[in-house]
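Subject: Structure for your review

Dear colleague,

Please find the structure below, with the sequence alongside. My notes on what turned up in it follow.

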Amino acid sequence: MIDRLADFQLFILIVERGSLAAAAREVGLSPGAVSLRLSALEKNLEVQLLRRSTRRLQVTEAGDQLYRTAKSILGEVDDLYDILRGDRGALNGEVRISAPLDLGRNHLAPALQGLLTRHPQLAISLILSDTALDLNDLGIDLAVRYGRLPDSALRIRRISTNRRVPVASPGYLDQVGRPDHPRGLSAMNCLALLRGGGRFDLWPFHIDGAQVRVKVKGDRDANDGDLLRRWAIEGAGVVLKSAWDVVDDIRDGRLEPILVKFCPADIDLQIVLPPNPRRPRRVAIVADALRSELRQLDERLSSVGLESIPSPAADD
């Protein structure tokens, strides 16, 4: 039974790391040894779990079912060990988290440091990207995401609703002026985010009761939202940012919001979890800790006049 659980752990690692070689390095085995154990597991189960090619591994339907079920079972085994050892308050095992670049670096990482200090047996993998990643493909236990998500099997825990707002350094605004209408952005250097293969240069505003997208232009763009924020702090121009990303910069005077009355409050902040009814206790506790950190962000937004709209209790 123990060998079977070890094989399940190895299979989960192969899926999450994306290759036999990466999994082998992590567990200190040769790629050949890992391949033999995978083949033995497939032979024992009488199914093909992975399709191998020179370029990538593809999880079969049976492999996906094993991955989901085994990860859930092993999470419960970890919880059981904690209970039997009397460590009811301790957390053990890995939690894989996806988050946007700014939010992850500047807010979630410090919050997670506190958890790791309190729970030495806990391991965190923080995967940062401004692109929404597939939770199942990457073995992600929970994600923090912006925006209205389509209906799906994912479990969504909304935190609140706020807005994207143009921000720039006070020094830059002193030089070029502070526009009183979105059309004034045409005279400003606007720093755009690259996403989905395109440039996000149509900024949404609420003008005269209608949703309007204003075309902006500038001398630089990037696929890293945190870099755009830093450029704005340095006085390079205006960037459209989630209010959560720039609350501390606004509070400390590094950035100044403009055109706030034209910015619709239509951006949700939420924690997203895979549709797994049996979720390890460590994932639930990490999700609660991150939600608490995000609630504190909302409190700081209120202090700079960018209040969030709390989500209904039913979403908690």
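I start with a pair of charged side chains. Asp249 and Arg229 form a salt bridge in which the closest N and O atoms are 2.8 Å apart. Asp249 sits in helix α8 and Arg229 in helix α7 (residues 225-233), so this contact ties together parts that are 20 residues apart in sequence. Both ends are covered: Asp249 is buried at 3% relative accessible area, and Arg229 is buried at 7%.

Before going further, please note that this is a predicted model. The mean pLDDT of the protein is 84, with 90% of its residues at 70 or more. Confidence is highest in helix α6 (residues 170-176), at a mean of 97, and lowest in strand β16 (residues 309-310), at 71. Where pLDDT is low, the predicted coordinates should not be read in detail.

Back to the charges. Asp249 and Arg229 also belong to a network of linked salt bridges. For the protein as a whole, the count comes to 22 salt bridges.

The side chains of Arg37 and Asp7 meet at 3.1 Å, N to O. Arg37 lies in helix α3 (residues 31-45) and Asp7 in helix α1 (residues 2-17), so the pair joins parts that are 30 residues apart in sequence. Here both partners are partly exposed, Arg37 with a relative accessible area of 31% and Asp7 with 23%. The other salt bridge is between Arg199 and Asp201, with the closest N and O atoms 3.6 Å apart. Arg199 counts as partly exposed at 27% relative accessibility, whereas Asp201 is buried at 12%.

Next, the aromatic residues. How many aromatic pairs are there? The count comes to one. The pair consists of Tyr146 and Trp244, which are stacked, with 5.7 Å from centre to centre and 15 degrees between the planes. Tyr146 is in strand β5 (residues 142-146) and Trp244 in helix α8 (residues 243-251), so the pair ties together parts that are 98 residues apart in sequence. Trp244 is buried, at a relative accessible area of 0%.

Arg220 lies over the face of Trp231, at 5.1 Å from the ring centre.

Last, the cysteines. The disulfide count is accordingly zero. Cys190 is buried at 0% relative accessibility, and Cys263 is buried at 4%.

To recap the counts: 22 salt bridges, one aromatic pair and zero disulfides.

Regards

Definitions and conventions. Residues numbered from 1 in each chain as written. Predicted model: local features only at pLDDT ≥ 70, side-chain atom pairs only at ≥ 80, totals over all residues. Heavy atoms only, no water. Phe/Tyr/Trp six-rings, centres within 6.5 Å; stacked < 30°, edge-to-face > 60°. Helix = DSSP H or I, 4+ residues; strand = E, 2+ residues; numbered from the N terminus. Buried < 20%, exposed > 50% of the residue type's maximum accessible area, 1.4 Å probe, protein only. Lys NZ or Arg CZ within 6 Å of the ring centre and 35° of its normal. Salt bridge = Lys/Arg side-chain N within 4 Å of Asp/Glu carboxyl O. pLDDT = per-residue confidence, 0-100. Disulfide = S-S within 2.5 Å.
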